[in-house]
Amino acid sequence: MFTSIIWNIRGINKPTARAYLPSLIKRYQPSILVILEHKSNPSKLKQLADKLGFMAFVENSMINKHIWIMWHPSIVSLTNFIPHEQSIHCCITDISSNKSCMGSFVYGRWSRHARQRLWSFLLDQTPSHFPWIIAGDFNVVASRQDKKGGDQLQHDGSIRDFNEFMISAGVSDCGFKGNPFTWSNNQQGVRRVWVRLDRALVNGSFMAQFPGVSVTHLDRSISDHAPLLLQLDPIQKPTYKFTYLRMWKSHATFQGTVARIWADKISCNPIQNFLQKLKKTASSLTAWNRAIFGNVDRDIRQTESYITTLETTLQDGWTETTAEELVRNVTNQIGAQLHSMNKGIFSSE
């Protein structure tokens with residue numbers, strides 16, 4: 001079953017964003033990647049998809065300037081696109097199981113009037129008896145439990161509109177794992193606000209077709225929004241994928257390590273010899289990387305976990321000590337670890 005990541009990245013050209021994405025992709029290996037609010041030229045989408053290993057992608061800058069979708073066509077098929085200013089709607093088919101659903105990826109506007117156009121568009125797409133999932137940044141909450149800190153909730157009817165839409169469309173919240181809030185304004189003290197703006201909604205047919213569906217709020221490390229990890233089969237473990245990092249060639253022992261592997265004769269069959277050397281190169285360089293550079297992915301995961309703990313502590317009660325520790329880990333620790341991956345998407349070849 002396919003896995004998706006949906007993330008309001010708030011600018012794909014930020015060095016930290018370009019550095020963090022490959023780590024995220026390597027760890028969760030999503031079949032579909034949806035980037036919201038990329039703030040980049042549409043011509044950059046192909047370059048990004050190539051760097052991240054996605055063979056197919058779509059955008060519609062004439063209608064929607066905020067949503068990019070990338071996917072692996074060998075794992076999942078996306079067809080029948082219907083673009084809207086705040087959404088891209090399509091049909092998604094999992095290749096291995098041949099199960100299909102309708103998918104609507106959303107970047108909602110801030111104003112109530114604009115979101116009413118989104119609700120109207122989505123209601124027009126409502127399937128009669130077919131699985132449907134709507135996921136993304138809705139820019140609105142469903143209840144007062146979705147916000148902590150700051151002023152009181154909107155009283156302009158936005159919450160009522162959202163709940164009435166869900167009832168009319170026959171969808172409900174998919175639930176989540178992780179921190180209850182997906183966005184923060186990152187202000188200090190009593191000015192800090194946490195809100196759940198990002199979520200996934202599904203209809204009954206989707207739950208019947210994909211009963212194991214799971215949504216996880218990943219760590220909010222480099223953006224003010226947390227990525228959503230959507231898994232249709234959460235117990236399925238991703239396969240290992242070897243990645244070459246450009247920083248390796250700058251180390252004095254790299255050339256010799258590779259040369260020793262290819263100097264050995266493993267098999268008399270030239271094809272088998274070539275394939276076995278490739279396999280040995282991957283395993284040897286993985287071990288060499290851990291010994292020389294350390295396990296960067298593991299270090300990033302540990303820092304992310306600590307950041308989540310600090311943010312949860314702040315949500316329970318603000319302290320300057322915890323706030324300073326959070327800032328130090330976000331700006332210094334994560335930054336240094338990403339820098340060691342040699343500037344992100346341009347670190348792999």
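Two strands count as paired if DSSP finds at least two bridges between them. Helices (H or I, at least four residues) and strands (E, at least two) are DSSP runs, numbered from the N terminus. This is a predicted model, in which local features need pLDDT of at least 70 and side-chain atom pairs count only at pLDDT 80 or more, while totals for chains, interfaces and linings use all residues. Residues are numbered from 1 along each chain as its sequence is written, and side-chain values use heavy atoms, with hydrogens and water left out.

**The chain as a whole**

- The chain has nine helices and 16 strands.
- Of its 349 residues, 50% are buried; buried means under 20% relative accessible area, exposed over 50%, and partly exposed in between (1.4 Å probe, protein chains only).
- The accessible surface is about 16500 Å², and carbon and sulfur atoms hold 54% of that surface. Accessible areas come from the Shrake-Rupley method with a 1.4 Å probe; for residues, only the protein chains shown count as cover.

**A hairpin**

- Strands β3 (residues 56-60) and β4 (residues 64-71) are antiparallel and pair over four bridges.

**The six-stranded sheet**

- Six strands form an open sheet with mixed pairing, in the order β5-β6-β7-β8-β14-β10. At its edges are β5 (76-84) and β10 (171-173), each of which pairs on one side only.
- On average, neighbouring strands of this sheet are turned by 25° against each other, direction ignored. Axes are lines fitted to C-alpha atoms, for helices over the stretch in contact, and angles run from 0 to 180 degrees between N-to-C directions.
- Strands β6 (residues 87-94) and β7 (residues 99-107) run antiparallel and are joined by eight bridges. Within this pair, Thr93 is opposite Ser100 in β7.
- Helix α3 (residues 112-125) packs on the sheet and touches β5, β6, β7 and β8 (132-137), its direction making about 130° with that of β5. Contact means heavy atoms within 4.5 Å.
- Helix α4 (residues 158-169) lies across β8, β10 and β14 (198-203), at about 25° to β14.
- Thr79 lies in strand β5 and is partly exposed, at 32% relative accessible area. Apart from neighbours within four places in sequence, Thr79 is in contact with Cys90 and Cys91.

**Salt bridges**

- Side chains of opposite charge can pair when their charged atoms come close.
- The structure holds 11 salt bridges; in each, a side-chain nitrogen of Lys or Arg is within 4 Å of a carboxyl oxygen of Asp or Glu.
- Glu85 and Arg109 form a salt bridge with an N to O distance of 3.4 Å. Glu85 is in the loop between β5 and β6 and Arg109 in the loop between β7 and α3, 24 residues apart. Glu85 is buried at 18% relative accessibility, whereas Arg109 is partly exposed at 29%.
- Arg160 and Glu164 form another salt bridge, with their closest N and O atoms 3.9 Å apart. These two residues are separated by about one helical turn because they are four residues apart in helix α4.
- Asp173 and Arg199 form a salt bridge whose closest N and O atoms are 2.8 Å apart. Asp173 is in β10 and Arg199 in β14, so the pair ties together parts that are 26 residues apart in sequence. Arg199 is buried, with 2% relative accessible area, and Asp173 is partly exposed at 30%.
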